[in-house]
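Biologist: I would like to learn how to read a model like this. Please take me through it feature by feature.

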Amino acid sequence: MDFIDEKINSYAEAHTQPESDLLARLSRETYTKVLAPRMLSGHLQGRVLSIFSKMIRPKSILEIGTYTGYSAICLAEGLAPEGKLYTIDINEELEDMAKRYFDEAGILSQVDYRVGNALDIIPTIEATFDLVFIDADKINYPQYFDQIIGKVSENGLIIADNVLWSGKVLNESSNIDKDTLAIVDFNKKVHEDDRVENVLFPLRDGLMVLRKK
């Protein structure tokens with residue numbers, strides 16, 4: 001993931017609104033107690049998610065991949081007062097930690113937290129989403145897109161994380177791994193889909209931002 005110049009990244013963070021004390025504590029606890037803490041969205045990406053959400057004031061958000069709740073809290077910063085954030089994660093062991101921070105952030109009543117396979121859960125959610133954030137198992141990115149595109153409102157946003165996959169998307173070898181292949185397929189798929197317009201931001205590990213037409 002660390003393929004963007006460290007000094008440039010530090011400069012960008014230094015000139016970005018600071019994360020809240022709550023998010024800083026969540027980040028520290030994640031790095032101290034949880035496996036694979038690099039999965040956390042973190043300061044710079046978190047502020048990007050927050051500002052996109054504040055721009056569109058979504059009434060309904062879907063997050064695929066909760067982890068410890070950092071990105072959900074950032075997304076909820078722009079949530080409409082009566083809005084709902086649906087978040088799905090396969091790892092039930094992180095639920096208590098995420099909900100503890102949701103409660104402290106004052107958003108617990110607006111969060112519908114579901115544990116299980118997102119491909120099974122998404123079809124059961126009867127909602128139209130104004131904002132979707134995809135940050136789960138990479139192998140299923142194309143399938144996630146297929147499932148949610150019909151549930152996204154006109155002018156709604158879909159944001160997918162890790163679409164540069166530490167630069168592995170440039171690998172033209174025949175030995176490309178399945179996760180990288182899935183990301184490459186996803187990027188090509190959404191780029192060629194005339195139902196959306198897209199921008200790929202070389203931020204952190206790559207953010208694909210789609211607007212449904």
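**Burial, fold and an aromatic pair**

Modeller: Start with burial: 52% of the 213 residues in the protein are buried (under 20% relative accessible area, 1.4 Å probe, protein chains only). This is a predicted model, where local features need pLDDT of at least 70, side-chain atom pairs count only at pLDDT 80 or more, and totals for chains, interfaces and linings use all residues. Residues are numbered from 1 along each chain as its sequence is written, and side-chain values use heavy atoms, leaving out hydrogens and water.

Biologist: What does the radius of gyration agree with?

Modeller: The radius is taken over C-alpha atoms, and the globule rule is 2.2 Å times the number of residues to the power 0.38. For 213 residues, a compact globule would come near 17 Å; the protein has 16 Å, which agrees. Its C-alpha trace spans about 45 × 40 × 30 Å along the principal axes.

Biologist: How many helices and strands are there?

Modeller: Both are DSSP runs, numbered from the N terminus: helices are H or I, at least four residues, and strands are E, at least two. The protein has eight helices and seven strands.

Biologist: How many aromatic pairs does a search of the whole structure find?

Modeller: Rings of Phe, Tyr and Trp (its six-membered ring) pair if their centres lie within 6.5 Å; planes under 30 degrees apart are stacked, over 60 edge-to-face, the rest tilted. The search finds five pairs. In one, Tyr141 and Phe186 have ring centres 5.4 Å apart and planes at 80°, so the pair is edge-to-face.

Biologist: Why does this pair tie together parts that are apart in sequence?

Modeller: Tyr141 lies in helix α7 (residues 141-148) and Phe186 in helix α8 (residues 178-191), so the parts joined are 45 residues apart in sequence. Both Tyr141 and Phe186 are buried. With Phe145, they form one aromatic cluster.

Notes: Buried < 20%, exposed > 50% of the residue type's maximum accessible area, 1.4 Å probe, protein only.
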